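I opened this notebook to record what I looked up in the model. The entries follow the order in which I consulted it.

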Amino acid sequence: MKTKRKVLAYITRGQEPNLELLVFEHKNHPEAGLQVPGGTIEEDEMLIDALYREIAEETGIVKNDLSFVGKIHKYNFYPNGKQTAYERNFFHLNYEGTQQTWDHQVISDGLDNGLTFQFRWEPVELLPKLAGEQDKAVELL
């Protein structure tokens, strides 16, 4: 079985009990479900570099608007019917910017290039289920 390495970003703002998580939906593909920013780690790329690259590509948020809290979890995800396992590395970052909701068109060399993502903040304690078990480590926030 092939393994792909991934990074996922739990970007939060606020404090408990009002902690909020940044989530998005695909503007023209709602069936993809609610997600957090993340993606594939490129060959010979460090985890932290992949994390900030994926955040910038998918959200438009630059590193200066984030403070790194830490890596919070790693687990393997095995989608049904696929011959690939996904090593997922979850990271927690605090958002220090001011955006409330926004749309962002992805600019990358990947499959998401040209897609528009709609971002919003969801209360962590009321968080709906995320696509593809991306909420697997939310309880560790």
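What volume does the largest pocket have? I read a volume of about 1000 Å³ for the largest pocket.

Basis of the entries. I worked from a predicted model, in which local features need pLDDT of at least 70, side-chain atom pairs count only at pLDDT 80 or more, and totals for chains, interfaces and linings use all residues. Residues are numbered from 1 along each chain as its sequence is written, and side-chain values use heavy atoms, with hydrogens and water left out.

Entry 1, the pocket. I noted how a pocket is defined: on a 1 Å grid over the protein atoms alone, it is an open set of points where a 1.4 Å probe fits, with protein on both sides within 12 Å along at least five of seven lines, and lining residues have an atom within 4 Å of a point. Grid points are joined across faces, edges and corners, and the volume is the space filled by probe spheres set on the points. I found 35 residues lining the largest pocket, with Lys6, Gly38, Gly39, Thr40 and Asp112 nearest its centre. The lining divides into 14 nonpolar, 10 polar and 11 charged residues; Asp, Glu, Lys and Arg count as charged, Ala, Val, Leu, Ile, Met, Phe, Trp, Tyr, Cys and Pro as nonpolar, and the others, Gly among them, as polar. At least two lining residues come from each of β1 (2-13), β2 (20-26), β3 (38-40), α1 (47-59) and β5. Strands (E, at least two residues) and helices (H or I, at least four) are DSSP runs numbered from the N terminus.

I located Asn89 in strand β5 (residues 84-95). Asn89 counts as buried because its relative accessibility is 0%; buried means under 20% relative accessible area, with a 1.4 Å probe and protein chains only. Gly39 is 50 residues from Asn89 in sequence, yet their C-alpha atoms are 10 Å apart. Beyond four places in sequence, Asn89 touches residues including Lys6, Ile41, Leu47 and His73, contact being heavy atoms within 4.5 Å.

I recorded His92 as buried, at 10% relative accessibility. Among its contacts beyond four places in sequence are Tyr10, Thr12, Phe68 and Leu141.

Why is β2 largely enclosed by the rest of the structure? Five of its seven residues are buried, so the strand is largely enclosed. I counted two bridges in the antiparallel pairing of β1 and β2, where pairing requires at least two DSSP bridges between strands. Thr12 stands opposite Leu21 in β2. Six residues separate the two strands of this hairpin, and Gly14 in the turn has a positive phi of about 85 degrees. On strand β7 (residues 116-123), β2 pairs antiparallel over seven bridges, and Val23 has Arg120 as its bridge partner there.

Definitions and conventions
Buried < 20%, exposed > 50% of the residue type's maximum accessible area, 1.4 Å probe, protein only.
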